[in-house]
Amino acid sequence: MKKIISLFSIILLVVLAGCGNPTPQKPGEATQTSAGEKGEKKITIAGNGGVIESAIRDVIAPKFKEETGITVNYISGLSGEILSKVELQKNSPQIDVALFVPVDVIRAQEKGLIDSVDESNAPNMKSIDSRFIPIEKAAAPVFGLVIAPAYNTETFKKKGLKSIESWNDLVSPDYEGKTAFSDITNDWGFNTLNGLAISNGGSTDNLEPGLEKAKDLAGYSNTFYKNSTQMMPAIQQGAADVTVMGSYSIGELAVSGIPIKMAVPKEGVPLQAFSASLVKNTPNNEEAVEFINYLISEEAQELISEKGFYPTVEGMEISEKFEESIGLKETDKTFKPDFAKFAEIRAEVSDRWAKEVTPELGKKLK
């Protein structure tokens with residue numbers, strides 16, 4: 001009887017062993033039940049709202065899913081807000097790809113929050129126009145733009161005002177307070193200050209002349225706007241005839257029927273891009289890199305240009321429908337700002353702006 005029980009026990013152990021996994025799983029290796037049984041692959045992208053969000057949600061994401069089977073979720077927010085989220089979640093990332101303005105790319109890299117993106121993991125980087133790259137091997141420039149003055153062409157024609165030819169032309173009693181300039185905390189505002197500095201003998205290393213000129217800018221303005229969601233309606237509703245914006249916003253207003261045109265001052269306009277950064281320790285690294293590489297493909301860049309952004313791939317042009325309002329000619333001067341310096345001085349300069357420039361608002365208006 002004991003022999004029969006022992007034989008039964010041995011058979012039972014053999015059967016149970018056969019039900020297990022005969023091959024040990026290697027560290028980091030996905031189990032057989034992962035992707036297929038859990039459902040479709042997904043990644044989460046965080047970036048600006050508005051036209052950038054619609055470009056990814058409505059155009060890029062569906063095309064990418066069609067080609068790869070990967071679903072793209074999108075979280076909208078300002079670049080600085082997204083950087084804070086990435087930092088808070090650094091031990092357990094919930095964002096896979098973050099779209100940052102150049103200064104925040106540098107901050108994210110300095111804080112160790114992003115992994116490198118270059119030709120080794122994103123082959124399409126080899127075709128990128130280097131003028132759009134904020135810092136080497138940190139992120140992929142996706143949505144190209146300039147930050148430039150713009151004006152209502154009908155108002156200027158009606159009043160006989162000359163077109164804007166210098167950053168200094170933004171300072172004028174002729175505009176009668178109908179301006180929409182951004183506060184220094186917004187990239188549009190900081191680049192306006194930098195433009196004013198360059199136009200008055202200064203530079204990014206010496207913003208003093210710009211701060212002095214900005215006081216006059218404030219004097220002829222009713223307010224400084226916090227963001228594009230405030231500035232766009234001001235232009236649409238005729239409350240402002242002169243502004244400084246990202247070229248994509250100017251283009252969006254123009255194609256909607258607003259008589260607005262970008263001006264390229266003789267001192268030049270800053271060329272830059274919203275760049276896709278790979279969040280460190282994302283559990284979806286492979287899918288995130290694939291998406292970043294797709295964003296800088298010719299196919300995706302052509303779709304993005306239809307939304308009013310300059311393609312960051314060399315040799316490509318912006319969509320024809322935007323040429324009249326924001327097209328850049330070969331003779332137009334552009335420059336690549338010192339974004340590292342921007343990041344270094346941003347807090348100090350913002351504090352001075354709040355104390356010295358903002359209090360001057362409206363003082364020169366009749």
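**View 1. The lining of the second largest pocket comprises 8 nonpolar, 2 polar and 8 charged residues.** Nonpolar denotes Ala, Val, Leu, Ile, Met, Phe, Trp, Tyr, Cys and Pro, charged denotes Asp, Glu, Lys and Arg, and polar the others, including Gly. The model is predicted, with local features requiring pLDDT of at least 70 and side-chain atom pairs pLDDT 80 or more, while totals for chains, interfaces and linings use all residues. Residues are numbered from 1 along each chain as its sequence is written, and side-chain values use heavy atoms, without hydrogens and water. This pocket (an open set of points on a 1 Å grid where a 1.4 Å probe fits, with protein on both sides within 12 Å along at least five of seven lines; lining residues have an atom within 4 Å of a point) has a volume of about 450 Å³. Of its 18 lining residues, Arg131, Tyr310, Met316, Glu317 and Leu328 lie nearest the centre.

View 2. Among the elements supplying at least two lining residues each are helix H3 (50–68), helix H4 (79–88), strand E5 (140–152) and strand E10 (269–279). Helix H5 (102–110) also belongs to this group and gives the largest share, 4 residues. Helices (at least four residues) and strands (at least two) are DSSP runs.

**View 3. Helix H7 (residues 187–199) packs against helix H14 (residues 339–357) at an angle of about 90°.** Their axes, fitted to C-alpha atoms over the stretch in contact, are 12 Å apart. H7 and H14 are therefore roughly perpendicular (65 to 115 degrees). In the contact (heavy atoms within 4.5 Å), H7 contributes Asp187, Phe190, Asn191, Leu193 and Asn194, and H14 contributes Phe342, Ile345, Arg346, Val349 and Trp353. These residues divide into 6 nonpolar, 2 polar and 2 charged.

**View 4. Phe64 and Phe291 form an edge-to-face aromatic pair (ring centres within 6.5 Å, planes over 60 degrees apart).** Their centres are 5.0 Å apart, with 75° between the planes. The pair links Phe64 in helix H3 with Phe291 in helix H11 (residues 285–295), 227 residues apart.

Note on methods. Axes are lines fitted to C-alpha atoms, for helices over the stretch in contact, and angles run from 0 to 180 degrees between N-to-C directions. Angles under 35 degrees count as roughly parallel, over 145 as roughly antiparallel, 65 to 115 as roughly perpendicular and the rest as oblique. Grid points are joined across faces, edges and corners, and a volume is the space filled by probe spheres set on the points. Rings of Phe, Tyr and Trp (its six-membered ring) pair if their centres lie within 6.5 Å; planes under 30 degrees apart count as stacked, over 60 as edge-to-face and the rest as tilted.
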